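The following note collects points on the strands, the nonpolar packing and the aromatic contacts. Please read it beside the coordinates.

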Amino acid sequence: PDKHGFWMKDMNFPIDIVWIDDNKKIIGISSNLGPETYPDIFFPPNDIKYALEINAGLSRKNNFATGTPLTFTI
């Protein structure tokens with residue numbers, strides 16, 4: 001786990017980034033990050049092990065929230 005930064009260089013559409021810790025719990029969500037935000041760099045609120053990049057708006061549509069535990073396999 002670490003605090004990795006993400007930028008939107010060469011992206012063609014906005015996304016949501018769901019920040020996930022090593023316990024597979026959502027620790028934050030950065031929503032609607034569009035290509036126009038480049039060269040800004042976006043960081044999670046704390047160390048993460050996973051970052052889920054999804055189309056903008058899907059985190060709200062699917063009721064993702066900070067503190068939600070996730071189940072997935074790698």
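A charge is taken to sit over a ring if NZ of Lys or CZ of Arg is within 6 Å of the ring centre and within 35 degrees of the ring normal. The model is a predicted one, in which local features need pLDDT of at least 70 and side-chain atom pairs count only at pLDDT 80 or more, while totals for chains, interfaces and linings use all residues. Residues are numbered from 1 along each chain as its sequence is written, and side-chain values use heavy atoms, with hydrogens and water left out.

1. Charge over a ring. Lys24 meets this criterion: it lies over the face of Phe72, 4.7 Å from the ring centre. Lys24 also belongs to the turn of the β1–β2 hairpin, which has five residues between its strands, and has a positive phi of about 60 degrees.

2. Strand pairing. Strands are DSSP runs (E, at least two residues) numbered from the N terminus, and two of them pair if DSSP finds at least two bridges between them. β1 runs antiparallel to β2, with five bridges, and antiparallel to β3, with six bridges.

3. Burial of β1. Six of the six residues in β1 are buried (under 20% relative accessible area, with exposed over 50% and partly exposed in between; 1.4 Å probe, protein chains only). In a regular strand the side chains alternate between the two faces of the sheet. Here Ile15, Ile17 and Trp19 are buried on one side, and Asp16, Val18 and Ile20 on the other.

4. Nonpolar cores. A core is a set of buried Ala, Val, Leu, Ile, Met, Phe, Trp, Tyr and Cys residues joined through side-chain atoms within 4.5 Å. The largest has eight residues, among them Met8, Ile27, Phe42 and Ile48. β1 (15-20) and β2 (26-33) each supply at least two of its residues, and β1 gives the most, with three. A second, separate core of five residues includes Val18, Ile20, Ile26 and Tyr50.

5. Aromatic pairs. There are three such pairs (ring centres of Phe, Tyr or the six-membered ring of Trp within 6.5 Å; planes under 30 degrees apart are stacked, over 60 edge-to-face, the rest tilted). The rings of Phe6 and Trp19 are edge-to-face, with centres 5.3 Å apart and planes at 70 degrees. Because Phe6 lies in the segment before β1 and Trp19 in strand β1, this pair ties together parts 13 residues apart in sequence. Trp19 is buried, at 1% relative accessible area.

Methods: Helices (H or I, at least four residues) and strands (E, at least two) are DSSP runs, numbered from the N terminus.
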